[in-house]
Amino acid sequence: MSDKGIRPAWLSRLASWDAAVIVITVLVLVIASGTVENFGTSRNFTFLLLDLLPIALVALPMTFVIVTGEIDLSVASTLGLTSAVMGDLWDKGMTIESIMPLCVVLGAVLGALNGFFVTVLKLPSLAVTIGTLALYRGLAFVVLGDNAVADFPRDYTTWVTGTIGGGPIPNLLIPLMILAVIFGVVLHATPIGRAVFAAGASDQAARFAGIRVGRLKFWLYVVSGAVAGLAGVLWTLRYSSARADNGFGLELAVVAAVLLGGVSIFGGKGTLPGVLAGVVLLGTLQNALRLQDVSNEALNIVTGVLLIISVLLPNIVTRTRARFRRRATV
Amino acid sequence: MFGTVFKARESGIVLALVVLIVFTATQNSRFLSGQSIRDILLGTAILAVLAVGQAVVMITRNIDLSVGSVLGLSAFTVGSLLRDNQGLPVIVALLAGLGVGAVCGLLNGVLVRFGQVPALVVTLGTLYAYRGVIYFWAGGQQINADKLPGSFLSFGHDSIAGVPWLVLIAVIVLVVAGIVLRNYRAGRELYAMGSSPQAAELAGIKVGRNTIAAFLVSGGLAGLAGVLFAARFGTIDAAAGNGYELNVVAAAVVGGVAVFGGSGTVWGAGLGALLLTVIGSALAVLDINQFWQQAIVGALILLAIGADRLVAVRVQRALKKRDSHV
């Protein structure tokens, strides 16, 4: 088990996995525009991108979290709680300009609570975020109950659903791209990014190398919460509806997209461009199936199966390769 | 040392239960009426059966998030089976539910074992996949109580010697699982796997086979719970059991089953199920917003794992101190 023998293997596997996801995405796009009615229209393209946005947005920090070997299952509930609070504050007469930053701060606080439990109390992130998944969603219902708040200012809701110059590109895509570039540069070209990979590859080794792993993970959870809060604001504005059950189950799509994009659930491996390709592939599949009148709930079969395949396949590939190599050396 | 830790947890829950019951009963005597107690017991029965399965899986350092969906799939299968075959005896319904659940659990176990995929990912995937299958199959249709045979519905409400059938089944499940885990080799192997998978492997325990078996048990029990759910409520749609997994994980964790594996008992999980059900019932009686229920479930999970952590740290410190004296 020398390190030299393993390294190139996973590097090439990763590269080929990224490439495969991109190729499959292009294939799905081509096949869907050829066979699915209305798929290729510019109107549908806009909807496709708008549906992708919350998944892509939340997937950015989730990539960091999963690369460090942790997970955050509470993001969809954070989204729901910020949406509910946004509706409640708007109902109470606060201005939208002060509500929106407040909601992002709220998301950051919720993320900080996750981070506190994971890094200070050293509890497994899986159990912590299952707990906060229930807690935050429950609090969302406590805040808003079954009600919906809908009368948000037109200026904002039309901008969020609007497109650049009336074309097919949504207004929101530009800020998302900027964010994606920032996250990508930080992950792949800065010491912070190196620390994230190091912490995921070996927590102990990273510690010995002088990385403050606990502090790093804590801030990743804060960012994850803040971005989920921002997603809650955008979700609310996009559907002009603040509801406690907004974004229910979104964590599945986000985790599925991240893993589909080649990030290892065991930490230490993954690329941000791969994740974005995963998001596009997942969104395209869902969109094409939805146009074929497959219900949202039945669509979850596809997402669930994709999630499993995206972890299963790399494992099988690695093991088969290892077996062949063993045979070759014997 | 471990004995005291373990007892502290169980007596803690019992204490919480007593305080909660006494407080609620003084606020509203309706809480201790026969009907209310019956409702609590029936609710606990279903949750406890699920929690026993979850405890078995969690002891091996895995998790099964798909139980709510398996419950729904089993309930809908059994419901439509009985609707189309009115003469079927209850035992066939129970076996059918058990079978559906076992198949789902087997799939989870095989994916975890042979795919080397973490249980979290597999069961998060199948949580949505199984639920999707129900929606695909059921669509918007609902099976109503008047379409189900009378014998099945009375099974959900009737008692034998004063004990409701549902409660009797839950107690049997608890006792059998409790004895197997405590006294039999198969049970002890599960604890060994959870404490240290590598050590268990080296000790000759068939870790892979046992992992599959644990998921099979959890799936089968979730399927059984689906039949109990159908019998109790009579109305089944595609959303049956949606979100139950959170309550089930909470019941097990609150009952002292460690998320790190290797410790906990099904008795604790059963007590956890009782506590959660009593809280839900107390909220209704005390006229508190029902929406608090889910938030409390989440807070209890955090509280339980936090408390476990503190106890573990303390035990470790105590052991270190003792070693330094020697």
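Chain B has a radius of gyration (taken over C-alpha atoms) of 20 Å, which agrees with the value near 20 Å that a compact globule of 326 residues would have; the globule rule here is 2.2 Å times the number of residues to the power 0.38. This is a predicted model, in which local features need pLDDT of at least 70 and side-chain atom pairs count only at pLDDT 80 or more, while totals for chains, interfaces and linings use all residues. Residues are numbered from 1 along each chain as its sequence is written, with chains lettered from A and ligands numbered from 1 in the order in which they are written.

Along its principal axes, the C-alpha trace of chain B spans about 70 × 55 × 35 Å. The chain comes to 13 helices and two strands, where helices (H or I, at least four residues) and strands (E, at least two) are DSSP runs numbered from the N terminus. Of the contacts in chain B with a separation of 6 or more, 80% join residues 24 or more positions apart; a contact puts two C-beta atoms, placed from the backbone, within 7 Å.

As for confidence, pLDDT is the predictor's own score for each residue, from 0 to 100. Chain B has a mean of 89, with 96% of its residues at 70 or more. The model scores ipTM 0.86 and pTM 0.88.

The largest nonpolar core has 208 residues, and B:Val49, B:Leu50, B:Val52 and B:Ile301 have the most contacts inside it. Such a core is a set of buried Ala, Val, Leu, Ile, Met, Phe, Trp, Tyr and Cys residues joined through C-beta atoms within 7 Å. Not counting residues up to four places away in sequence, B:Val52 touches B:Val173, B:Leu174, B:Ala177, B:Leu221, B:Val266, B:Ala269 and B:Gly270.

Then there is chain A, which comes to 13 helices and two strands. Its C-alpha trace spans about 75 × 55 × 35 Å along the principal axes. Of its 330 residues, 49% are buried. Helix H4 (residues 96-120) of chain A has 25 residues and should span 36 Å at 1.5 Å a residue; its end C-alpha atoms are 35 Å apart, which agrees. The expected span is 1.5 Å times one less than the number of residues. After H4(A) comes A:Lys122, with a positive phi near 60°.

A:Ser264 sits in the loop between H11 and helix H12 (272-291) of chain A. This residue counts as partly exposed because it has 19 C-beta neighbours inside 10 Å. Leaving aside neighbours within four places in sequence, A:Ser264 is in contact with A:Lys269 and A:Gly270.

Where the chains meet, the contact takes 37 residues from chain A and 36 residues from chain B. On the chain A side, helices H5 (125-144), H11 (250-260) and H13 (296-329) each give two or more residues, and H5(A) supplies the largest share, 14 residues. That side divides into 25 nonpolar, nine polar and three charged residues. Here Ala, Val, Leu, Ile, Met, Phe, Trp, Tyr, Cys and Pro count as nonpolar, Asp, Glu, Lys and Arg as charged, and the others, Gly among them, as polar.

Technical notes
Buried ≥ 20, exposed ≤ 12 C-beta atoms within 10 Å, placed from the backbone.
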